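Subject: A structure for you to look at

Hi there,

Here is the structure I promised to pass on to you. Please open it and have a look around before you read my notes.

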Amino acid sequence: MKKALEKFKSLKLVRIMGFNRVVLIGVIILLCLLFQVLSAVLNHGNVFLTYARFSSAMNYGYFIGFLALGVTFVIATGGIDFSIGPVMFCAALVSGYCFNNYSFPMWVALTMCPLIGALFGSVGGFFVAYLHLPSFITSLALMQIAKGVGSIFTKTQNVSWPGSADPGGWYRSLSNLTVGSVNIPTGLIILIVLAIILSIVLNKTRAGRYMICLGANREAVRLSGVDTRRWEMLAYVICGALAGFAAIFYVGCYTTVQPVKGDTFNNEAIAACVMGGTSMAGGLASILGTVIGAFIIAIMQEGILSMGFNIAFQYSLTALILLGAVIADVTSRRRKN
Amino acid sequence: MGEVILTMKGIDKTFPGVHALDHVDFEVRKGEVHALMGENGAGKSTLMKVLTGIYTKDSGTITYEGREVEFHNPREAQAAGIVIVHQELNMMGHLTVAQNIFIGREPRRGLFIKDAEMNAEARKLFAQLNIDIDPRETMSNLTVAKQQMCEIAKAISHEAKVIIFDEPTAALTDTEIEQLFVIIRDLRAKGYGIVYISHRMDEIKKITDRVSVMRDGQYIGTLITEECTKEDIINMMVGRVIYEEPKTHSMVEEGAPVVLKVEHLNAGRMVQDVSFELRKGEILGFAGLVGAGRTETARALFGADPKQGGDIYIDGKKVDIRSPKDAVEAGISYLSEDRKRFGIVLKKNIIENSTLATLQEYVKGPFIDKPKEAKATQKYVDLLKTKTPGIDQLVMNLSGGNQQKVVIAKWLVNDSRIMIFDEPTRGIDVGAKQEIYELMNQLAKSGKAIIMISSEMTEILRMSDRIVVMCEGRKTGELDIAEATQEKIMTLATRDIDMQNSKAMEEGA
């Protein structure tokens, strides 16, 4: 048994992906089977493994994936960001409102999303990196500001982005493109491309190296003559920009955004990130893990609906998963020490 | 020496890739001070961690008070009466002395803590140890030595029978060490079994009854301290004899240019009006007691802490250093006394640590040039003889001496011209110490200017070309190595500031 495990660990693909990531993919498969059985048992013979569920889970996975990718950078520096969900909503509200009411062209509205996110990110990053405020408090404050700005701007009204057939509705094909009778998961392609780029940033550039190292030991990096403030702030800007970018895929999935909401996605994104092997203590990050983690979260959401439970279960369950992931993170660190 | 209280037999422990303990034997008797010696990485700490339940052993037996035991965590060991007094003190600075000692087991009435009783208990403990500390004092107001005494009091309050001292004197002054020894002798007389881990040969001779030596995870042997010489012990530790001789004259070339000039440096209470010069190829020793402001001076100079005033000149040109980044760009490097906190990134590998200060030179376009980075790292691993299975090894898996070499490598890669070594051999074994001394001499010879802060008198006298002595945040004197003696340095290091001032006034008048 032990020998077989060692052999499995030494396979090339497993080595490249990392053992933990392979385990996570196994978890996805197990979850699918589990939900298949439980849906049938608990929900009058309901079937979980359907195309509709699959594509719904994918759609959910896209924006959670972008949120989680962003927050991976912040967590790698040893910080945390609880503002990403509301920042995503704020970006969707403000730019959607501009499209609807001030007839901004769609491409401008779409460009605004990551920029609004980056603006929030730079404010938060400035407070954390230059004024040394705890990221926890800063991001909680920023979360409320994002909610406030979004609802003030839209006069506390829902904002509906155009449907696929409406003028400007082409943005939805960024999530899913239908050519004839073929569906192309463009969202997945964009997510994978971006994940590859971010993985390169994290592992092969100075910025990534500094961010991870300062997450592991800020003082040592500073005393090596590195301006840690700059790189730490950059992590928050990346995080914010990606939260804004996620907005495009949120509306691509749901079209309608409510004001003063969005905080439930914080936990989901952070859980995806920690599950994927990014350490809450900082200094350790995995982009691939984060992406897989995001899809686990998405499958859980669909699974709960498929079993006939209220969606509110998802909130508690995500919180439990987050706790579980953090426990695993802490214990593995303790073992290493 | 009384009966055997603790026996460890055939203790074996393997970590991935390292056979940390290879069937090690060790015993402690009641009423003895038993030194545990060995180079860093020899397995002393691992052995003690196995004993106190931090690590689980792979095989072997531990017999304590006649019964075979196995502790699963430090708490169980503590409850049984085996306590470690750590090198790094585990005290909460904002609590009082008594609160620290009784943390987690305060005497209570219902929900409330009985402060008076707690303080009285603490006072009793201190009386037992003949120490004069007020239990109501806030911990952070005490000196390191006094804090350590509180740790000892805490250990005794746990009804310890075996007390392990892990490098207890690393941060103490000579007088404080004497006080500590009085306490240890007293504990010995009372029948405690004491394990004493230290690298300082003089102390071993002075305080211990027996010496057990480990090397590369193996138990080498046990000697009766009285019957052996320093050289015997060192030979067992490293298999070679090392001589420590003081430098007799300055090695700096006649007329070597002044590289660094510091004038009227002020930074907080600990750095007051410090001025000095450093010449090319010189090793300038900074001597003084712990808390004299030497580290603070170095940190202010390096831009790590803000300074209130003072001018810094490099090659005669005034430079403005506001952050470590400015300092590194000006060619200054700083090797901190606290490696783990300020020197290295433990969770990262040797490559990442080696190029941390110079990463901008290891990029190709937007990307890090990994082959170039690896080549530079390998070069310094070879040059410094860093012991590691590979350059992709995480630094936390290296021993203290090798970690220090990684820090040195980082600054050599950077090619700094002015290097500040703050306690360069703290917590480092004899063999690696020797290598670091040789390295510093080579660096000086090659034209680097070195500031060496050290609390070890032998180190100061052996390495320095010139010595600056500090006391309570002020520079109290400067000696050429030819005229320096331990006594002269000590006098300057303990010089009372008021006395000095009045003397200056007399001279003025």
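Predicted model: local features only at pLDDT ≥ 70, side-chain atom pairs only at ≥ 80, totals over all residues.

Let's begin where the two chains meet. On chain B, 26 residues are in contact with 18 residues of chain A. The elements of chain B that each give two or more residues to this side are α10 (324-329), α11 (339-343) and β20 (367-368). Of these, α10(B) has the largest share, with five residues. By type, the chain B side has 16 nonpolar, three polar and seven charged residues.

Next, the domains. Chain B is assigned domain 1 (4-238), domain 2 (255-331 + 416-509) and domain 3 (342-415). The centres of domains 2 and 3 of chain B, taken over C-alpha atoms, are 27 Å apart. Eleven residues of domain 2 touch ten residues of domain 3 in chain B, and helix α15 (residues 430-445) of chain B gives the largest share of the domain 2 side, four residues.

Finally, which way do the residues of β10(B) point? G193(B), V195(B) and I197(B) point one way, while I194(B) and Y196(B) point the other. In a regular strand, side chains alternate between the two faces of the sheet. Five of the five residues of β10(B) are buried, so the strand is largely enclosed by the rest of the structure. Strand β3 (residues 32-37) of chain B pairs with β10(B) in the parallel sense over five bridges, and H34(B) stands opposite V195(B). Strand β9 (residues 162-166) of chain B also runs parallel to β10(B), joined by five bridges, with F165(B) opposite Y196(B).

Happy exploring!

Key
Residues numbered from 1 in each chain as written. Chains lettered and ligands numbered in written order. Contact = placed C-beta atoms within 7 Å. Nonpolar A, V, L, I, M, F, W, Y, C, P; charged D, E, K, R; others polar. Domains from an automatic or database assignment. Buried ≥ 20, exposed ≤ 12 C-beta atoms within 10 Å, placed from the backbone. Pairing = 2+ DSSP bridges.
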